[in-house]
Amino acid sequence: MKKQKKLTPKGEKTLKRILEAAAECVSTIGIERSTIRAIAKKAKTSRGLVGHYFPRRSELLLSIIKKIEETGTPDIESSPIDSSALEKIIFNVEKNFKFFDAHPHYYPCFMLLYYFSGVRKDIRSANEKIYQHFITRTKTHISEYATENKVEINNHDLERFAES
């Protein structure tokens, strides 16, 4: 997305509508057929307005990944503070599922973008960022769980988990 000054409430609403339309297009008709024209039609706006926010389609696709990362992947800090490590793991997994339940078209979109990350360097780097965020968060909770329950998990096992 173009670097912009702070968006107005109307601009935020338009941007959200475009992102939702793009995710829905990708999940229903695929990445290749999700043209700016198709996305604009789904968002009930003009191609020019979509182009104003996203000059290139690749920027729009990366913005979808960023939205999934920001909205669908909770931070460690968002877990309830006084919870056990297991409760934090469950909280984070449930939060991911709740995001995809609330935005069902984002899951197939995410899977397609994951598939394309094998051939597109820009998509691959965005997906790797989401993956590393998930692994870091999960490793922290697993280590905490092991400590709380006096379960021995060595660092080698945690690294193998991260590599799998």
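Helix α1 passes helix α2 in a right-handed crossing. A crossing is right-handed if the near helix is turned clockwise from the far one by less than a right angle, and left-handed if anticlockwise. The contact draws on R17, I18, A21, A22, E24, C25 and I29 of α1. From α2 come A38, I39, K42 and A43. Contact here means heavy atoms within 4.5 Å. Eight of these residues are nonpolar, three are charged and none is polar. Ala, Val, Leu, Ile, Met, Phe, Trp, Tyr, Cys and Pro count as nonpolar, Asp, Glu, Lys and Arg as charged, and the others, Gly among them, as polar.

The structure is a predicted model, in which local features need pLDDT of at least 70, side-chain atom pairs count only at pLDDT 80 or more, and totals for chains, interfaces and linings use all residues. Residues are numbered from 1 along each chain as its sequence is written, and side-chain values use heavy atoms, with hydrogens and water left out.

Two packed helices are described by the angle between their axes and the distance between the axes. The axes of α1 and α2 (residues 36-43) come within 8 Å and cross at roughly 120 degrees. Axes are lines fitted to C-alpha atoms, for helices over the stretch in contact, and angles run from 0 to 180 degrees between N-to-C directions. The two helices are therefore oblique to each other. Angles under 35 degrees count as roughly parallel, over 145 as roughly antiparallel, 65 to 115 as roughly perpendicular and the rest as oblique.

Helix α1 (residues 9-29) also packs against helix α6 (residues 106-116). Their axes come within 8 Å and cross at roughly 65 degrees. α1 and α6 are therefore roughly perpendicular to each other. This crossing is left-handed. On the α1 side, L19, E20, A23, V26 and S27 take part. They meet Y106, P108, C109 and L112 of α6. Seven residues of this contact are nonpolar, one is polar and one is charged. F110 also lies in α6. Its relative accessible area is 16%, so F110 is buried. Buried means under 20% relative accessible area, exposed over 50%, and partly exposed in between (1.4 Å probe, protein chains only).

K44 occupies the loop between α2 and α3 (47-53). K44 has a positive phi of about 55 degrees, although it is not a glycine. Most residues other than glycine have a negative phi. The relative accessibility of K44 is 75%, so K44 counts as exposed.

E148 belongs to helix α7 (residues 121-148). With a relative accessible area of 39%, E148 is partly exposed. Neighbours within four places in sequence aside, E148 is in contact with S84 and A85. E148 and A85 are 63 residues apart in sequence, yet 7.6 Å apart in space, C-alpha to C-alpha.

Overall, the protein chain has eight helices and zero strands. Helices (H or I, at least four residues) and strands (E, at least two) are DSSP runs, numbered from the N terminus. Along the sequence the pattern is α-α-α-α-α-α-α-α. Of the 164 residues, 38% are buried. Among contacts with a separation of 6 or more, 65% join residues 24 or more positions apart. The chain exposes about 10,400 Å², and carbon and sulfur atoms supply 56% of this area. Accessible areas come from the Shrake-Rupley method with a 1.4 Å probe; for residues, only the protein chains shown count as cover.
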